[in-house]
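Here are some notes to read alongside the model, written for someone opening it for the first time. Take them in order, and keep the viewer at hand.

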Amino acid sequence: MQGQVFKIHSDFYYVKSDNEDLILECKLREVLKKQKLKIKVGDFVETDKGGAIKKLLKRKNTLERPCVSNLDMVAVVSSLMEPDIDYIQLNRYLIFLKYHKIPVLLCFNKDDLMNESELALIKDKIKKIYEPLGYKTVFTSALYNDGLDEFKKLIKGKTIAFCGLSGVGKSSILNALNKSGNLKTGSVSEKNKRGRHTTRHCEIIEFDKIKIIDTPGFSRLTFDFILPKDLGNLFDEIKKYKTKCKFSDCLHEAKDEGCNVIKNLDKIDSKRYESYLNFLKEAKEFKQKVTYEGQKEEDSFKINQDKNFVKISSKKRFHSRRKINQATKNLKNLTGENEDD
């Protein structure tokens, strides 16, 4: 049977069949455990007659934090107030998802907390920044159902995940979209104006031809996986000008001479450029770590003709007789022994 993993609890994987409304409680076959293959919510798998997962099918995309796969889109949710928009964090999500080539829908929630003039100004500002970059935007109020019909049209027939800071209303929007759902929601702290985590595990919630993977969030998201020279390619407005920089390894900082990006800073949103500099610092730290501390780990499995095979660990591999004889000969030459001794 083939199906999709919609929930993982402890060592059990709950798989929903493609052909019928059948749900199996599965374990992993030992061969997959030896490969150290990580099955995630959203994965399509093949099970055997005993109800064990025997094969992971090809993924469209995959993320490690949160552990999900096969997303059609991610809805990045921000609140207009309580808490206010954190543009640096918003850009962090966008660049991370762009790196993974996952389409994004920008959702700005809690528009009921603003008066009409304030809302018009903030809408205009957001659209000027993000719509030229190709992002679709929707403004909602989970409390009064504003904008939810438009939101639903944009995600119809798709598998999506929500991401955003705690307290922006992700669970509230999901409850408003799915009337039969009853996800736990939390309040915003009066002291620091931040939300509290309410989602504890990943699970697919399906309704009205929509699959939403409810996740605990994109936690500890830092750019410790990309080199500084590649970061500019993830900012379309920087990529547009970087080709005319004087030096090919230009990082577009204020001190860089002949930088075409610096010359055109008036055409780039200040928060976007500030985000770039913040992420660049993290990328530089990653480069330094790779240069001086990096150690390549060998994969525990290999793929041949679309099949996974467990690799023998380097500790358990035997050298060929020829290699052993050559090593012995080299040792004797170093110690001055004759081969006849």
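1. Let's begin with Asp-124, which is partly exposed at 40% relative accessibility in this predicted model. Asp-124 pairs with Lys-128 in a salt bridge whose closest N and O atoms are 3.4 Å apart. Lys-128 is exposed, its relative accessible area being 59%. Both residues belong to helix α3 (residues 116-130), where they sit 4 residues apart, about one turn of the helix. Elsewhere, salt bridges with shared partners link Glu-253, Lys-255 and Lys-284 into one network.

2. How many salt bridges does the structure hold? There are 15 salt bridges in the structure. As background, side chains of opposite charge can pair when their charged atoms come close. One of the pairs is Lys-54 with Glu-46, with 3.5 Å between the closest N and O atoms. Lys-54 is partly exposed, at a relative accessible area of 34%.

3. Please also look at the salt bridge between Lys-98 and Asp-236, where the closest N and O atoms are 3.4 Å apart. Lys-98 lies in helix α2 (residues 87-99) and Asp-236 in helix α7 (residues 236-242), so this pair ties together parts that are 138 residues apart in sequence. Lys-98 counts as partly exposed, with 30% relative accessibility. Asp-236 counts as partly exposed too, with 32% relative accessibility.

4. Next comes the packing of two helices. At what angle do α2 and α3 pack? The angle is about 35 degrees, and the axes of α2 and α3 are 14 Å apart. The crossing of these two helices is right-handed. On the α2 side, the contact is made by Tyr-87, Leu-90, Asn-91 and Leu-94. On the α3 side, Ile-122, Lys-125, Ile-126, Ile-129 and Tyr-130 make the contact. Sorted by class, the contact of α2 with α3 has 7 nonpolar, 1 polar and 1 charged residues.

5. Now for the cysteines. How many disulfides are there? The count comes to 0 disulfides, taking a disulfide as a pair of cysteine sulfur atoms within 2.5 Å. Cys-250 is in no disulfide, because the nearest cysteine sulfur, that of Cys-259, is 3.6 Å away and the cut-off is 2.5 Å. Is Cys-250 buried or exposed? Cys-250 is buried, with a relative accessible area of 12%. Cys-107 is buried as well, and its relative accessible area is 0%.

6. A last stop is Leu-277, which has its place in helix α9 (residues 270-293). Leu-277 counts as partly exposed, at 33% relative accessibility. Which residues does Leu-277 touch, not counting residues up to four places away in sequence? With those neighbours set aside, Leu-277 touches His-252 and Glu-253. Leu-277 and Leu-251 are 26 residues apart in sequence, while their C-alpha atoms are 9.3 Å apart in space.

Note on methods. Residues are numbered from 1 along each chain as its sequence is written. This is a predicted model: local features need pLDDT of at least 70, side-chain atom pairs count only at pLDDT 80 or more; totals for chains, interfaces and linings use all residues. Side-chain values use heavy atoms; hydrogens and water are left out. A salt bridge is a side-chain nitrogen of Lys or Arg within 4 Å of a carboxyl oxygen of Asp or Glu. Buried means under 20% relative accessible area, exposed over 50%, partly exposed in between (1.4 Å probe, protein chains only). Axes are lines fitted to C-alpha atoms, for helices over the stretch in contact, and angles run from 0 to 180 degrees between N-to-C directions. A crossing is left-handed if the near helix is turned anticlockwise from the far one by less than a right angle, and right-handed if clockwise. Contact means heavy atoms within 4.5 Å. Ala, Val, Leu, Ile, Met, Phe, Trp, Tyr, Cys and Pro count as nonpolar, Asp, Glu, Lys and Arg as charged, and the others, Gly among them, as polar.
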